[in-house]
Amino acid sequence: MNDAVRLRKTLEGVPAYKPGKPAAPVEGVTAYKISSNENPNPPLPSVLAVVAEAAESMNRYPDMAVTRLTSALAERFEVPTTHIATGTGSVGVLAQLINITCEPGDEVIYAWRSFEAYPIVVALAGATSVQVPLDADAAHDLPAMAAAVTDRTRLILVCTPNNPTGPHVTDAALRQFLESVPHDVLVVVDEAYLEFNTAADAPDALAIYREFPNVAVLRTFSKAYGLAGLRVGYAIAREEVATALRKAATPFGVSDLAERAAVASLEAYDELEVRVKALVDERERVLTVLREQGWPVPDTEANFVWLPLGEDTLDFAAACQERGLTVRPFPGEGVRVSIGETEANTRLIEVAGEFRNR
C-alpha cells in the first residue's frame, strides 16, 4: 500500500529559488552580505516611527484594499486608482500576473539569464518558459524575443535593468519591440531597480503604459526604498488587468505595517533619493575600478555589478567568503555583487584585483 500523498507532477520541474546567503562571520573583519541587492542603509527615522505605531495594532487585519497606498501611488504617478494592484513584493505581483494570463501549456517569454523567480512562478502555473538568451553585452535581445512569440504566448517579461547582469532596455528599443508584439499579449516591464537607472535613454515606462494598452509596469519597495523585509510591490496597468490582479492577490497579503511604511517612504522620497544617489556613485566607482583591473563587467543601471566568471565562479565566491564577503554566485556563469557599504565595496575591489592577478 502506497501511503504517499499525491502532489502535482508540475512540482517536479520547478526549480528552487536560491536566496542570497547571510553574511558568514570571519575572524578579524566585519562580514558583509552583498548577495541580495538590498539597500544597505537602515530605514529612515520617519518610516521607523510609522512602523512602530502600526505595530501597536498588528492584532487587527490590514486593509485588504490597501487603500492608502493605492491612493498615494495614484497621486504620485497621476494614474487612476483602478489601474493599480498591490502584492507581497513585486515577486508576489509577478505570480498574480502569471495566474491571470496563463493556462497550463501557455508560454511566457523572458530573457535568460534574468530574475531567478521567473521560471519558478511560470512552472508553478503549469505554463511553459521560453528563455531567450541575452546578447553578447549581457542585455535583452528584444528582436529575438519578438521572434519567439507564438500563438501560445500569453505573457512577456522585460526586466530593466536586468537582474542579475545589469544592462537596461532603451526607450526606443522597447517601443519598437512593442510595435511587433501582438496586442493581446501582456508585456510586463519589470522595474525593480528603476530608481538606480540614470541612463538618459531609459524607458519612460508610465508613458509607454499609457500608449500601449497591453503593457503593465511592475515595481517594488524592496530595493531603493529599503523595505525588503516588509514585502510590498505593485503593478500599474489598464483597469481590466489591474482588476484581475486584485482578484488573484492573496487576501490581506500586504500587511498594515508594510502599507504604512510604503506610504511614509513615498512621502520621504527626497531623503531616500540622497541615499540612492550615493549608491549610484559607489556603483560607478566599483564598475570603473573593476574594468581598470581587466574585468569585462557589463554596463549596469542597477544596484549591483555582474562578473562573468564562467568556470571560476565558485572559486571567486569562495575567495570573497574568506574575506568576509557573501556574494551571489551563479555556477558556471558569473557572480552578482550588490553595492553595499563603502567598506564592503572597497574590499570587493581588493579581492577582485587579487583574484585577477593570481
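Colleague: What does Arg-231 count as, buried or partly exposed?
Modeller: Arg-231 counts as partly exposed, since its relative accessibility is 32%. The cut-offs are under 20% relative accessible area for buried, over 50% for exposed and partly exposed in between, with a 1.4 Å probe and protein chains only.

Colleague: What are we looking at, in general?
Modeller: This is a predicted model, in which local features need pLDDT of at least 70 and side-chain atom pairs count only at pLDDT 80 or more, while totals for chains, interfaces and linings use all residues. Residues are numbered from 1 along each chain as its sequence is written, and side-chain values use heavy atoms, with hydrogens and water left out.

Colleague: Back to Arg-231. Where is it, and what is its phi near?
Modeller: Arg-231 sits in the loop between β7 and β8, and its phi is near 60°, a positive value in a residue other than glycine. Helices (H or I, at least four residues) and strands (E, at least two) are DSSP runs numbered from the N terminus.

Colleague: Which other non-glycine has a positive phi?
Modeller: Ala-138 has one, about 65°. Ala-138 belongs to the loop between β4 (128-133) and α5 (142-147) and is buried, with a relative accessible area of 15%.

Colleague: What does UniProt list for Lys-223?
Modeller: An unreviewed UniProt entry lists Lys-223 as "modified residue: N6-(pyridoxal phosphate)lysine". UniProt positions are in the numbering used here, feature names are shortened, and annotations may be inferred rather than shown by experiment.

Colleague: Where does that lysine sit, and which residues does Lys-223 touch?
Modeller: Lys-223 is in the loop between β7 (215-220) and β8 (233-236). Leaving out residues up to four places away in sequence, Lys-223 touches Ser-36, Asn-37, Asn-39, Ala-192, Tyr-193 and Phe-196, where contact means heavy atoms within 4.5 Å.

Colleague: Is Lys-223 buried or exposed?
Modeller: Lys-223 counts as buried, because its relative accessible area is 16%.

Colleague: Cis peptides next. Where are they?
Modeller: One joins Thr-160 and Pro-161, with omega about -5°. Another joins Asn-163 and Pro-164, with omega about 20°. Pro-161 is in the loop between β5 and α6 (171-180), and Pro-164 is also found in the loop between β5 and α6.

Colleague: How many salt bridges are there?
Modeller: The count comes to 19, taking a salt bridge as a side-chain nitrogen of Lys or Arg within 4 Å of a carboxyl oxygen of Asp or Glu.

Colleague: What about Asp-106 and Arg-154?
Modeller: Their side chains form a salt bridge at 3.7 Å, N to O. The pair links distant parts of the chain, 48 residues apart: Asp-106 is in the loop between α3 (89-101) and β3 (107-112), and Arg-154 is in strand β5 (residues 153-159). Asp-106 is buried, with a relative accessible area of 4%, whereas Arg-154 counts as partly exposed at 28% relative accessibility.

Colleague: And which parts does the pair Arg-323 and Glu-350 tie together?
Modeller: The side chains of Arg-323 and Glu-350 meet in a salt bridge of 3.2 Å, N to O. Arg-323 lies in the loop between α11 and β10 and Glu-350 in helix α12, so the pair ties together parts 27 residues apart in sequence. Arg-323 is partly exposed at 26% relative accessibility, and Glu-350 is partly exposed at 38%.

Colleague: Which residues are linked in a network of salt bridges?
Modeller: Arg-68, Asp-256, Glu-259 and Arg-260 are linked that way.

Colleague: Helix α11, then. Which residues are buried there?
Modeller: Thr-313, Phe-316, Ala-317 and Cys-320 are buried in α11 (residues 313-322). They are on the same side of α11 because they cover an arc of only 100° around the axis; the arc is that of the directions from the helix axis to the C-beta atoms. The buried residues of α11 pack against several elements, including β9 (304-307) and α12 (342-356). Just after α11, Gly-324 has a positive phi of about 85°.

Colleague: What about α1, which residues are buried?
Modeller: In α1 (residues 45-55) the buried residues are Val-47, Val-51 and Ala-54. They cover an arc of only 60° around the axis, which puts them on the same side of α1. Their cover includes α9 (256-267), and the face of α1 turned away from the buried side carries the exposed residues Pro-45 and Glu-53.
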